Amino acid sequence: MPHIVFERKELITTPSQKDGVDFEFIAKSYNFTQKTRKTEYRIALKNQGKEFLLSLKPKDENFMIKADKVTRLSPVTLVKNALNAYVSLNNANVLFSNTHNLKLKDESKSEYLKDINYFVDEFNTEKEIQIEIGFGSGRHLLHQAKVNPNIQFVGLEIHYPSIEQLLKQLELQNITNVLVVNYDARLFMEFIESNKVGKIFVHFPVPWDKKPHRRIYSNEFVNEALRVLKISGTLELRTDSRKYFDFCTEVLTNLPKGRITIDINKDLAVSSKYEDRWKKQGKNIYDVVLEAFNEDANINLDFDFSFDFEVNFENILKDIPTKSIIEKNFFIHVEELYVIEDIKNSGLIKLTMGNFDRPVTKYLYVNEGKISYYQGNPLPTSANIDAHKKLKEILSK
Ligand SMILES: C[S@@+](CC[C@H](N)C(=O)[O-])C[C@H]1O[C@@H](n2cnc3c(N)ncnc32)[C@H](O)[C@@H]1O
């Protein structure tokens, strides 16, 4: 992680500019949780059109400056330039720096690896979509993509080495109809239009017998799957775990939608690594297929995350809740407040919010009373939308 340690001195004044970096404002921590913490700063800047924060904090007698974790972005050269520009503008006496000799990792990305925002803002296809959840070694997904060139596949995985392996195979085998996303499958479907998906494969998911809340299948997941599936589209579970099979069958039979088909030891055209292992051990393999019957209403991803009122930042410092707000499907936890002393009625609110399994940490930027999300809005998930509504309620009091 690039950082610079330098002798402590007065901070730079803002706004100011150095080597193409625009330093916009500095916000000072308010230490609102009352812990005896040392004062830290967040320095807001724009470099090559991208805005992010640097974190400046005391280190022994000196200062250490680095990228703020929440707003950090790539490529890392943007951060390195900003750190170098800060100490140069500050005429600081540098004691340690690793910003000149960092060996950069290859940051070039495959065109098939997509960020989740792509699915929120851009993904649009006339083709039928099929989704594989937790593709692992990718054998099944690669096979499906090869034999169905007119289908647009989306592969979901949270294990990065598996993603890299699949991307390599897509290139080697010249397969162009798979998009890959590193995102939790339990939440992904929220960004897919209704009635667009032909099949969803869930092959050998982790059974999570001791942590059932981490399972892919739940009422919410199956309802979302049914919404994105077109009529006759299928949600296909294949598992070696009898417990997981029983659990999923129960979830599916309790939802009075769709038709369920069950099979044992059915052969597929391709056998995954896990399947080979279980077959060798003589284990049963269970299939549970849910077929969708209904056409569903479309969803709205254009949720308006604005704040249509102004606030008094002094009041926020006094009144904002220090304890987490926990509701059925979302939470909000205010982590820290920062005051921008040079601009009246301004500051930053650092908070974590949204879904319990996939929370998002964001800064709210209060600029002369007007509020917005720094670095753009959260993803329009139902949990984030509900958390935003609650935030509006809290901040408008
Ligand atoms: C047991 S492996 C099975 C892999 C592959 N389907 C097969 O049959 O060989 C389960 C895979 O699901 C992935 N996974 C687990 N939870 C996930 C989630 N919430 N979203 C996406 N992938 C997940 C894991 O990283 C792992 O690669």
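Which residues does leucine 235 touch, not counting residues up to four places away in sequence? In this predicted model, where contact means heavy atoms within 4.5 Å, leucine 235 touches Ile200, Val202, Tyr217, Phe221, Val222, Ala225, Leu229, Val288, Val289 and Leu290. The model is a prediction in which local features need pLDDT of at least 70 and side-chain atom pairs count only at pLDDT 80 or more, whereas totals for chains, interfaces and linings use all residues. Residues are numbered from 1 along each chain as its sequence is written, and side-chain values use heavy atoms, with hydrogens and water left out.

Leucine 235 is placed in strand β13; helices (H or I, at least four residues) and strands (E, at least two) are DSSP runs, numbered from the N terminus. Leucine 235 counts as buried because its relative accessibility is 0%. The term buried means under 20% relative accessible area, exposed means over 50%, and partly exposed lies in between (1.4 Å probe, protein chains only). Between leucine 235 and valine 202 there are 33 residues in sequence and 7.6 Å in space, taken from C-alpha to C-alpha.

The ligand has 14 residues around it, of which Gly134, Glu157, Asp184, His203 and Ser272 come nearest; a residue is near a molecule if one of its heavy atoms lies within 4 Å of it. By class, this shell holds 7 nonpolar, 5 polar and 2 charged residues. Here Ala, Val, Leu, Ile, Met, Phe, Trp, Tyr, Cys and Pro count as nonpolar, Asp, Glu, Lys and Arg as charged, and the others, Gly among them, as polar. An oxygen atom of the ligand lies 2.6 Å from an N or O atom in the side chain of glutamate 157. A distance of 2.8 Å separates a nitrogen atom of the ligand from a polar backbone atom of glycine 134, and a polar side-chain atom of serine 272 is 2.8 Å from an oxygen atom of the ligand. The ligand taken alone exposes 600 Å², of which the protein buries 89%; accessible areas come from the Shrake-Rupley method with a 1.4 Å probe, and for residues only the protein chains shown count as cover.

An unreviewed UniProt entry places the feature "binding site" at Lys210 and Asp240; UniProt positions are given in the numbering used here, feature names are shortened, and annotations may be inferred rather than shown by experiment. Lysine 210 is found in the loop between β12 (197–203) and α6 (219–228), and counts as exposed because its relative accessibility is 81%. Aspartate 240 occupies the loop between β13 (229–239) and α7 (242–254), and counts as buried because its relative accessibility is 15%. Residues up to four places away in sequence aside, aspartate 240 touches Phe204, Trp278, Lys283, Asn284 and Tyr286. With tryptophan 278, the side chain of aspartate 240 makes a side-chain polar contact of 3.0 Å. A polar contact is a pair of N or O atoms within 3.5 Å; within protein, one must be able to donate a hydrogen and the other to accept it, and residues adjacent in sequence count only if both atoms are side-chain atoms.

Two further loop residues were considered. Threonine 99, in the loop between β7 (94–97) and β8 (113–114), is buried, with a relative accessible area of 1%. Its side chain is joined to that of asparagine 84 by a polar contact of 2.6 Å. Asparagine 174, in the loop between α4 (160–172) and β11 (178–182), is exposed, with a relative accessible area of 63%.
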